[in-house]
Amino acid sequence: MPRSKKLFGILVLLAMAVPMGIFASPLYLDLLVMIWFNIGIVISLWILLRTGETSCGHAAFVAIGAYTCAITTTQLGFSVWIAFLLGGIVAMLIALMIGQAVLHTKGIYFLVVTLGFGEVLRAIWLKMDVPFGSAAGIKNIPAPEGFPLIIDTFHSFYFLMMIFSLIVILSGYALSRSRFGLLSTALVANEKLVAACGTNIKLCKTKAFVIGCFFAGLGGAIYASYLGFISPFTFTARESLYYVMYAVVGGPSVFAGPVVGAVICTTIYLLLYAVGYYRIMVFGVLLLIVMLVLPGGLVSLPQRLSGLAAKFKFSRGTPDHA
Amino acid sequence: MLELKGIRKVFGGIVALDNVSLKLEKGELLGLIGPNGAGKTTLFNVIGGVYKPDSGRVFFNGEDITGKRPDIIAKRGLLQTFQLSPVVPPLSVLQNVALGYQRLINLSVWAELFSSKREKEVEENCLEILNLLGLARVKNEVVKNLPLGLQRFVALGIALAGKPEILLLDEPLAGLNADEVEDVMRLITRINQEKGVTMLLIDHTIDAIMAYCHRVAVLHYGRKIAEGTPEYVQKKQDVIEAYLGT
């Protein structure tokens, strides 16, 4: 597809997103906010996934941002805007420490360490009454002051989340086109060669992790303010796994993959609310089908369909001599 | 320029390298030969920082680089190509060569992240190398779609993009036909002479090594059994025994 056409398509979608936010009913508005939020978070995870490392503790960094926002606003009286930024920075600093400690190992070790880290943090939040509010969490997290109101706070949050998501998308895209992006792709395919060219592999992966976690923390802080409440059960290991799954279902090899995955999975998951307890089961089966039929993720669907169409035409077109 | 002193490397019970010493002068083209399992690739890995030797030291331009990280050694100007996976298959030829340019780019930790402007500059430099290697017409092809011979040229291009002072080539001739061997060897000599790149070359294509290299060293069971001019090495009894058996 030519670039101008692609750009046009993206602009049309964006233009559609604005009236959607204005006219949606509260229930759907919540869904739309979740979609924007998940797009941002999945892209922030994808920055790391590109380097071949999988984090199973991404939700923990979202939660770090959320708790930072909650504590600084309700207990320390910080401005909410500053709290958002602090959420990102705290998540980033913690990611830096963990990255330095474990990113010289490969694959499964990092996955296990991040998973364990997330659960350890959750235990701390659960047990410590001050300042984390133990199991009850922290309530009454304020919305940002001086917020240009669009209809009401609810609708304004939609646009705030959209802006957050667009910032992450643009940064993620710029990153994937930079030298850093080239190095990330290359080191998955041939790490030894990339190192022998003069690249510090650990630094490269740490950078991806730190940047991703900054956006995760930022998103988490905004989300905490949107929800007005955060508890140890809001972001668990299950959410971490979902983020990985969204990226994989969408197709992690291209930029559009995680976006498509986040949009479609979040929509299906939230709409399946209707089937109640069986939601996760139905969702799981749907995912299995997608992965079996489309190993390249949802983004490979158009390619796959045109392939099937060509095959069909061919079998119809050749005369049967038998 | 490059000096190895008493390198020893043991894997489990196998002595891969046993007291290997070697010296390379500036501008030299040294061939390293030996039967399979002689320890040639291990030696390269020790020099390049992939393995730490159990004992012995590696000096590069008088500096001790033993056991330093591969990227630090590369930044000093010692580059190498690998035998088994010399390229990044899913990237284009141009992107592959751009990777090699990494050694010369001194971007700060964060500038690297949003550096699309610098990439233009890199691209121009890379095109120069692609022209030298005759790869300009396939610059946008994905490397895995190219024939093996061309992939070897790409591997050379990656190494050359970093403007190395010394280049280690691990079996650049393996699996090539006679014509391709001629092409690659002629190119290697040209780089050696015109750009003044010191080279250490591993290969099993003995004829080509003997014809083009200034000096030849022979490894056998991890030990250096001969070193000298091609004529001298060819006549040495130990070498003949190592290759043909007694």
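Begin by selecting both chains, where 20 residues of chain A are in contact with 29 residues of chain B, two residues being in contact if their C-beta atoms, placed from the backbone, lie within 7 Å. This is a predicted model, in which local features need pLDDT of at least 70 and side-chain atom pairs count only at pLDDT 80 or more, while totals for chains, interfaces and linings use all residues. Residues are numbered from 1 along each chain as its sequence is written, and chains are lettered from A and ligands numbered from 1 in the order in which they are written.

Next, select α7 (179-189) of chain A, which gives the largest share of the side of chain A that touches chain B, namely 6 residues; helices here are DSSP runs (H or I, at least four residues), numbered from the N terminus.

Now select helix α2 (residues 26-49) and helix α6 (residues 153-177) of chain A, which pack at an angle of about 20° with their axes 9 Å apart, the axes being lines fitted to C-alpha atoms over the stretch in contact, and angles running from 0 to 180 degrees between N-to-C directions. α2(A) and α6(A) are therefore roughly parallel to each other, a term for angles under 35 degrees.

Finally, move to chain B and colour domain 1 (1-77 + 164-246) and domain 2 (89-163), whose bounds come from an automatic or database domain assignment. The centres of domain 1 and domain 2 of chain B, taken over C-alpha atoms, are separated by 25 Å, and their contact takes 11 residues from domain 1 and 9 residues from domain 2.

Key:
Helices (H or I, at least four residues) and strands (E, at least two) are DSSP runs, numbered from the N terminus. Angles under 35 degrees count as roughly parallel, over 145 as roughly antiparallel, 65 to 115 as roughly perpendicular and the rest as oblique.
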